[in-house]
Amino acid sequence: MSEAAAGRGTAGAEAPAGTRELELKAVVPDAAALAARLAAAGGSRTFRGVMRDRRYDRPDGALVARDEVLRVRAFEPHGVGEARAELTFKGPTKRTDGYKEREELQFGVEDAAAAGAALGRLGYAVSDAIDRAVEYHQVAGAAVRIEWYPRMDVLVEVEGTPEEIERAVLATGIPRGEFTADRLLDFAARFRERTGREPALRLDLLAPVERPDWPQWAVRQ
């Protein structure tokens, strides 16, 4: 499911194939304050939990060489709700009027592990992993996702049409100039340069006794 679909419905629900995904990201200085501003702007939280991405590729790295993504994403809700998963293909990244744009083909699956096993039978293997605690909010027609990583800045991603994105960005209270179409790895590189700490985008990169930079509700899952 696209981030916009998660914001508009239940996490893990199916979305039409071939959707056009537009998004922006920014660093969040205060996640609690951001959530409060989104609520004050009439937003509603549609999902809170842990989101686990596993990206797959051929042994020769054919997909990454073409800037394509084949991903299994698992949603593990905090509190009520059932775990769900989705299988997604994304086309190469474009920049459209300052927004990040990708074609997205996606459908829900019953079991993330089974989906991964099926991809393995087809010759694909896990090439990358990302673990996040997330909150999805629906604001001004856009999907707004607050993202906590094991060791990195908190980020916010806004997805929708250009008009929806701009209205939601205004609701965040974060200056418009802080939002970019940069990739996640660009944010990780800036975190490394600014702090001198190595970013960790998945849990197994943390030291055995290191606590992830997640909210307390996610650490307890």
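Both faces of strand β9 are covered in this predicted model. On one side sit Leu155, Glu157 and Glu159, on the other Val156 and Val158, and all of these are buried. In a regular strand, side chains alternate between the two faces of the sheet. Taken as a whole, β9 spans residues 155-159, and five of its five residues are buried.

| Strand paired with β9 | Residues | Bridges | Sense | A partner pair |
|---|---|---|---|---|
| β1 | 19-27 | five | antiparallel | Lys25 and Glu157 |

How many residues lie between β8 and β9 in their hairpin? There are six residues between these two strands.

Leaving aside neighbours within four places in sequence, Val158 is in contact with Leu22, Glu23, Leu24, Ala142, Ala143, Val144, Ile165, Ala168, Val169 and Phe179.

Which residues touch the most other members of the largest nonpolar core? They are Trp148, Val156, Val158 and Phe179, in a core of 28 residues. Several elements each supply at least two residues of this core: the strands β1, β7 (125-139), β8 and β9, along with α2 (31-40), α5 (162-172) and α7 (216-219). Apart from this core lies another one, made of ten residues, including Leu63, Leu87, Val109 and Ala115.

So much for the surroundings; back to the strand itself. Val156 and Val158 share one side of β9, and both are among the residues that touch the most other members of the largest nonpolar core.

Conventions. Residues are numbered from 1 along each chain as its sequence is written. This is a predicted model: local features need pLDDT of at least 70, side-chain atom pairs count only at pLDDT 80 or more; totals for chains, interfaces and linings use all residues. Side-chain values use heavy atoms; hydrogens and water are left out. Buried means under 20% relative accessible area, exposed over 50%, partly exposed in between (1.4 Å probe, protein chains only). Helices (H or I, at least four residues) and strands (E, at least two) are DSSP runs, numbered from the N terminus. Two strands pair if DSSP finds at least two bridges between them. A nonpolar core is a set of buried Ala, Val, Leu, Ile, Met, Phe, Trp, Tyr and Cys residues joined through side-chain atoms within 4.5 Å. Contact means heavy atoms within 4.5 Å.
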